[in-house]
Amino acid sequence: MEVVTTKPFKASSNISEIVSKFAKVCKFRSIGVFPSENNAALVEESNDLTEEKEFVGVKIHPQPTEVASEDNGEAEIEKLFDIVSALKSAYVRLQEAHIPYNPKMIIAANKLVVAELEALCKIKRAYKEKQFTKAKSDSSRFALLRAKIELNERFLEELKFEVKAKNSEIMLLVEELRELDMGNSKLAEKVNQLSLERKSGGIYNITAFQKAFTATSKSIHDFAKPLISLMKASSWDLDLAAKSIEEEAVYSKRSHKKYAFEAYIGRRMFSGMTLEGYNVDDVMRFDNPIDALIEDPESDFAKFCGKKYLLAVHPMMEASFFGNLDHRMFVLSGKHPRTPFYQIFARMAKWVWVLQGIGGSLDPKAKAFAVNRGSKFSDVYMESVEEDKEGGFLSVEGEPMHRVEFMVMPGFKIGDTLLKSRVYLS
């Protein structure tokens, strides 16, 4: 018998072609099994095979062709089952991508499932277009194949339903991810607006701001003490000086006039203040702020400190205290003297600087608020620098009612946190 060499079966061949070849080969086998059929039938089948030979482009002989066609049909069926197996595997990967949840793996697995479904549907459509029932022989094999295909079709429908449900879930997750990305973008914008270059330990919170507020208030009080002492030593009229600061203020005690000087210092130190976030770690790491000024005399803190000294300490005041303007000339030249007076001032400037930096870092919309003279006292927004022991003016209803004489230190609103303004009450 002559051996026939056929071209290898292409993976992209249509299943209808495979079925057609398989059916014709079955007919030919039928001729060989039942020799009683006439020669005309044999010639007719030979012609059919000749046409098929022209289409395929190979030389055809009855028996070898039967073997080759059967092998190709089996290969195509195995391919069908391989696709179903691959589809099952892809679906398992899709399920595994959800636990733990991984959007990238879900999308990749979903694409793989869809690709396998498309390949399976292509084979299904090709199969349905042909009538396998025309083959009289090997009917049991076709019945088994149909049963398997029907089973796979039911499984395919189940997979389609589950894939549809998973697609809906994926769409919801994608939308949720998009919203999270938008939220992250907004947070990134806020971080960029703060323009902070913090070190690993420089993370601020509201507690840090509250401590800075308390330290700032104390440092203003601490600077007012030597200022008043120098005024006394220089024969200043303290009553007249206090009156020049708060002309209409009424004091319950003469010693309370010290708050007028604290108010004066606070106004100078907080003048033009904008709560913009910046890094304060470089200043906070020094116990003595003079060391920070000497280490980097060109820093923003050094510029702030010099500017505020020139604003808070008037030339006439400095000249009367020390008999010269050496402090002022030193600061104007970009340097910072190590005198006790300037060190106390630098400590106060440090806490004002830290207060502004932390406040702006915590909340870009942080605000400082002032209280005007004559305002009705509110314990929500204000606190008195002196405890009330003697009562105040009486309202129409007979209840104690206090009025603000002047503000000693402004208040601050950081997010939902309110730090009360410190005021002196009538």
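Good morning, colleagues. I begin with confidence. The protein has a mean pLDDT of 77, with 73% of its residues at 70 or more. Two stretches call for caution. In residues 1–16 the pLDDT falls below 50, and that stretch makes 24 contacts in the model beyond near neighbours in sequence. Residues 18–69 also have a pLDDT below 50, with 52 such contacts. Where pLDDT is low, the predicted coordinates should not be read in detail.

The largest nonpolar core contains 63 residues, and Ile265, Tyr342, Phe345, Phe406 and Phe412 have the most contacts inside it. Helix H14, residues 340–362, contributes the most to this core, namely 12 residues. What does tyrosine 342 touch, leaving aside residues up to four places away in sequence? Its partners are Ile290, Leu293, Cys305, Gly306, Tyr309, His327, Val331, His336 and Pro337. Another core, of 23 residues, lies apart from the largest one; Ile106, Leu117, Leu159 and Ile170 are among its members.

On the surface, Leu325, Met329 and Leu332 form a nonpolar patch, with about 290 Å² of accessible area together. Leucine 332 belongs to helix H13, residues 326–332. Its relative accessible area is 54%, so leucine 332 counts as exposed.

I now come to charged pairs. Side chains of opposite charge can pair when their charged atoms come close. The whole structure contains 13 salt bridges, and I shall discuss three of them.

The first topic is aspartate 239 and arginine 254, whose closest N and O atoms are 3.2 Å apart. This pair links distant parts of the chain: aspartate 239 sits in helix H7, while arginine 254 sits in the loop between H7 and helix H8, 15 residues apart. Is aspartate 239 buried, partly exposed or exposed? With 28% relative accessibility, it is partly exposed. Arginine 254, by contrast, is exposed, at 59%.

Next is arginine 267, which forms a salt bridge with glutamate 246. Here the closest N and O atoms are 1.7 Å apart in the model. Arginine 267 is in helix H8 and glutamate 246 in the loop between H7 and H8, 21 residues apart. Arginine 267 is partly exposed at 38% relative accessibility, whereas glutamate 246, at 10%, is buried.

The remaining pair joins arginine 422 to glutamate 383, with 3.7 Å between the closest N and O atoms. It connects two strands: arginine 422 is in E8, residues 421–425, and glutamate 383 is in E2, residues 382–384, 39 residues apart. Arginine 422 has a relative accessible area of 17% and is therefore buried. Glutamate 383, at 33% relative accessibility, is partly exposed. Salt bridges that share partners also join Asp239, Arg254 and Lys257 into one network.

Finally, I draw attention to the backbone. Most residues other than glycine have a negative phi, and most peptide bonds are trans. Where does serine 235 lie? Serine 235 is in the loop between helix H6 and helix H7. Its phi is near 65°, a positive value in a residue other than glycine. Serine 235 is exposed, with a relative accessible area of 67%. The peptide bond from isoleucine 99 to proline 100 is cis, with omega near 0°. Proline 100 is placed in the loop between helix H3, residues 62–96, and helix H4, residues 103–129.

Thank you for your attention.

Notes. Residues numbered from 1 in each chain as written. Predicted model: local features only at pLDDT ≥ 70, side-chain atom pairs only at ≥ 80, totals over all residues. Heavy atoms only, no water. Core = buried A, V, L, I, M, F, W, Y, C linked by side-chain atoms within 4.5 Å. Buried < 20%, exposed > 50% of the residue type's maximum accessible area, 1.4 Å probe, protein only. Helix = DSSP H or I, 4+ residues; strand = E, 2+ residues; numbered from the N terminus. Contact = heavy atoms within 4.5 Å. Patch = residues over 30% accessible without salt bridge, like charges linked within 9 Å, V, L, I, M, F, W, Y side chains within 5 Å. Areas by Shrake-Rupley, 256 points an atom, 1.4 Å probe, with all protein chains shown as cover. Salt bridge = Lys/Arg side-chain N within 4 Å of Asp/Glu carboxyl O. pLDDT = per-residue confidence, 0-100.
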